[in-house]
Each structure stands twice: as C-alpha cells, then as structure tokens.
Amino acid sequence: MAVVPENLEWSLTVPSVKELVIQLPATVPTRYIRDEKDAPIAPVSDPSVCIPLIDMAKLVNPKDREMELQKLHVACKDWGIFQIINHGISDEFLKPGSLEGYGQAFVVSEDQKLEWNDMIFLKALPTENRKLEFWPELQPHKFRETIHTYSENMRDTTVSIAGFISMMLGLKAEELSKAFQDGGYDLRLNCYPPCPESERVLGIASHVDISRITLLLDCGDTPGLQVLKDGRWVSVKPIADALAVDIGTIMKIMSNGIYQAPLHRAVVHSSKERLSVATFCYPSTNVHIGPAKELIKPGTPALYMTLTMDDYIQRFFDWKRDAIPFIDTLKI
Ligand SMILES: O=C(O)CCC(=O)C(=O)O
Ligand SMILES: [Fe+2]
C-alpha cells in the first residue's frame with residue numbers, strides 16, 4: 001500500500017520530468033495538466049505592468065539614495081517583488097553551472113497535480129546545516145565550491161537589502177542586518193524542461209514563499225516567473241546580471257502587513273529549458289517571528305501572532321494547502 005504523507009513535511013515520490021521529456025511525448029500525462037480558469041496574463045507591451053527595478057549602486061550613493069529608498073519602499077508595499085542591479089556579485093557567481101535536478105516537494109496525494117519541474121533543494125547556510133550527502137560530489141564539476149560561494153554572496157546581498165528595508169520601515173537597521181547575517185539560507189535549484197503542452201502545465205503552481213526574503217536568479221534569458229498584481233499575471237523579464245527579490249510571508253508579518261508577499265508562479269516553454277535558483281532566507285531557529293514592536297502603536301495593532309521559528313515551520317507543514325492562505329492562519 002502506498003504511504004500517504006501526513007503533512008507537507010513529507011512528499012510522495014514522483015517521476016522525473018526530464019526523463020519524461022527524453023521520450024519526446026506529443027502530449028503530457030493528465031497529472032500535469034491544469035485547464036482550470038486562472039487570472040489573465042498582462043500584455044508585456046503594457047509598461048504599467050513592469051516589475052520595479054532597484055539600483056543598489058544608487059542606494060549607497062548619498063546623492064541618489066533618498067529617491068531610490070523611496071522606490072524600494074513603494075516596490076515592497078505595492079508589489080512585494082522587484083529586480084536589483086549593481087548588487088556587486090560577480091558575474092561568475094551568477095552562473096551556477098549546469099544544474100541537474102530531481103524530485104518535487106509537497107506531493108501529498110496520488111492524484112494531486114504535479115509541477116513541470118525537477119528540482120534539488122539544499123540547505124546551504126549556516127554551513128553546519130548542510131547535509132552533504134544530498135550534494136553532488138564530483139559532477140557537476142566544482143558544484144560544492146560554487147554553491148558555497150554562491151550562497152555566501154546571496155547572504156551578503158540579502159543583508160544589505162534587509163538594512164535598506166529596515167530603514168524604510170523605521171526599524172533598527174543593525175539588528176535586522178545581524179538577524180539576516182545569522183539566518184538560514186536554503187537553495188532550490190529549479191529545472192523546467194521544455195513541454196509539448198506548455199500552456200496547460202505549470203513549472204511551479206501559484207504560491208507565496210514562506211521565507212523572510214527570497215532572491216531569484218534566472219540562469220538565462222528565457223522568461224518564466226510571473227507575479228500576480230491587481231488580478232493579472234505579470235511576467236518578469238530576465239535582465240542580465242539582475243536578481244529578483246521577493247518578499248516572503250515572514251517579512252510581511254514583520255512589517256505588520258505593510259509589505260506584500262506576492263503570489264507568484266513559473267510557466268514553462270515549449271522548446272526551451274529554463275533553470276532558476278531560488279535562495280530562501282529564514283531567521284535562525286531561536287528567533288521569534290511576529291510584527292516588529294516599533295510598528296505596533298495605538299491605532300495600529302498587531303495583525304499577526306508572534307511565534308517561534310519552529311512553531312511557524314510546523315504550522316506550515318500542517319497547513320492544508322487548499323484551505324485558506326497560510327498567512328491567514330497566523331492572523332490575530
Ligand atoms: O523559477 C522561478 O522563477 C520561480 C521559483 C520560485 O518561485 C520558487 O522556487 O519558490
Ligand atoms: Fe517562490
């Protein structure tokens with residue numbers, strides 16, 4: 001008898017999408033097909049639906065800083081996602097090489113729709129969190145060193161963004177930066193093989209990240225990421241050397257709902273493979289998650305409960321995905 005996962009911490013094993021594609025199917029197994037009606041996709045020609053672009057060089061330049069900080073604040077409030085350029089990470093580390101992936105997470109029933117995606121999920125920082133038995137050792141060449149340096153670069157970038165965000169929210173910048181410095185960083189390497197029925201499947205179904213902040217790297221120029229804004233799916237156009245910064249549920253709670261944690265998804269292409277790397281930043285386990293105390297005043301009560309990181313993760317694993325959005329289960 002098949003083992004049925006009790007919660008989202010365990011996942012049923014599913015076939016590899018890449019292996020399926022090798023057989024050159026003309027159609028796709030029904031388990032991947034999603035024909036249900038969804039929000040419309042915004043036309044790419046509409047300039048009002050372009051996700052905000054933040055220049056990190058301007059954030060550190062006293063002459064341009066004030067304006068760019070305002071842009072950042074508005075991006076977090078209105079979108080919860082933006083792209084950053086001039087983040088200082090060398091190009092070499094934005095190309096993590098050819099990544100191979102296998103597996104899917106959160107598959108809890110045999111008839112649940114599957115994603116057109118093979119992925120590898122790794123705990124990267126702090127280094128003692130690494131379970132090296134899951135890390136490829138010899139192939140791809142230099143995988144371990146590359147991921148090590150890559151995750152450290154992602155941490156440094158997240159720490160600077162956190163500093164700027166805390167300034168705009170009126171929080172103590174050093175405290176938040178320190179919390180991000182000591183946080184946990186997990187990597188999800190997504191591989192979306194080409195799909196003969198690309199319009200009828202999803203690479204990643206619509207979701208909100210449960211992290212504090214997620215940095216997303218497109219390894220190439222094939223678009224795939226879409227974010228839901230005002231009832232329409234907006235495509236994020238990959239920009240060379242840019243990273244997308246996505247506000248997760250923890251940051252939305254911390255900001256007491258001032259910042260958005262947007263629904264996003266990944267669509268796939270009919271003839272091109274797409275690779276992306278998501279770096280999820282979490283607080284370390286001893287940190288409490290809740291609205292920042294500076295933001296709770298008479299007239300602006302806490303909208304979300306405060307709980308330990310362990311409780312937060314446990315609640316996520318026990319959450320029933322089809323019921324209410326996860327963040328709503330944490331409302332006071
Ligand atoms: O591939 C993408 O652009 C989206 C990835 C994503 O949302 C995730 O891994 O959580
Ligand atoms: Fe995501």
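**Entry 1: a pocket**

I began with the second largest pocket, which holds about 410 Å³ of space. I took a pocket to be an open set of points on a 1 Å grid over the protein atoms alone, where a 1.4 Å probe fits and protein lies on both sides within 12 Å along at least five of seven lines. Lining residues have an atom within 4 Å of a point, and the volume is the space filled by probe spheres set on the points. The lining has 18 residues, and those closest to the centre are E175, L176, M254, V287 and H288. Helix 5 (173-181), helix 6 (249-254) and strand 12 (288-289) each give two or more residues to this lining. Helix 5 supplies the largest share, 3 residues. Helices (H or I, at least four residues) and strands (E, at least two) are DSSP runs numbered from the N terminus.

I noted that this is a predicted model, in which local features need pLDDT of at least 70 and side-chain atom pairs count only at pLDDT 80 or more, while totals for chains, interfaces and linings use all residues. Residues are numbered from 1 along each chain as its sequence is written, chains are lettered from A and ligands numbered from 1 in the order in which they are written, and side-chain values use heavy atoms, with hydrogens and water left out.

**Entry 2: the iron ion**

Which residues coordinate the iron ion (ligand 2)? I found H207 (NE2), D209 (OD) and H264 (NE2), at 2.1 to 2.2 Å. Donors are N, O and S atoms within 2.8 Å of the metal (3.2 Å for Na, K and Ca); water is not among the atoms, so the site may look incomplete. In sequence the donor residues are spaced H-x1-D-x54-H. D209 lies in the loop between strand 5 (204-207) and strand 6 (213-218), and H264 in strand 10 (residues 264-266), so the pair ties together parts that are 55 residues apart in sequence. Both D209 and H264 are buried, that is, under 20% relative accessible area with a 1.4 Å probe and protein chains only; exposed means over 50%, and partly exposed lies in between.

I also consulted UniProt, where an unreviewed entry lists residues 183-283 as "domain: Fe2OG dioxygenase". Such annotations may be inferred rather than shown by experiment. The end C-alpha atoms of this span lie 4 Å apart, and the span is 6% helix and 45% strand.

**Entry 3: nonpolar cores**

I next looked up the largest nonpolar core, which has 45 residues. Such a core is a set of buried Ala, Val, Leu, Ile, Met, Phe, Trp, Tyr and Cys residues joined through side-chain atoms within 4.5 Å. Helix 4 (residues 143-169) gives the largest share of this core, 11 residues. I213 is among the residues with the most contacts inside the core. Beyond its neighbours within four places in sequence, I213 is in contact (heavy atoms within 4.5 Å) with residues including I161, F180, V245 and F280. Another core, of 29 residues, lies apart from it and has V49, I210, M309 and W319 among its members.

**Entry 4: backbone details**

Where is the cis peptide bond that I noted? The bond joins L125 and P126, with omega about -5°. P126 is in the loop between strand 3 (118-125) and helix 4. N86 is not a glycine, yet its phi is positive, about 55°; N86 sits in the loop between strand 2 (81-85) and strand 3. N256 also has a positive phi, near 55°, and lies in the loop between helix 6 and strand 10. N256 is buried, with a relative accessible area of 9%.
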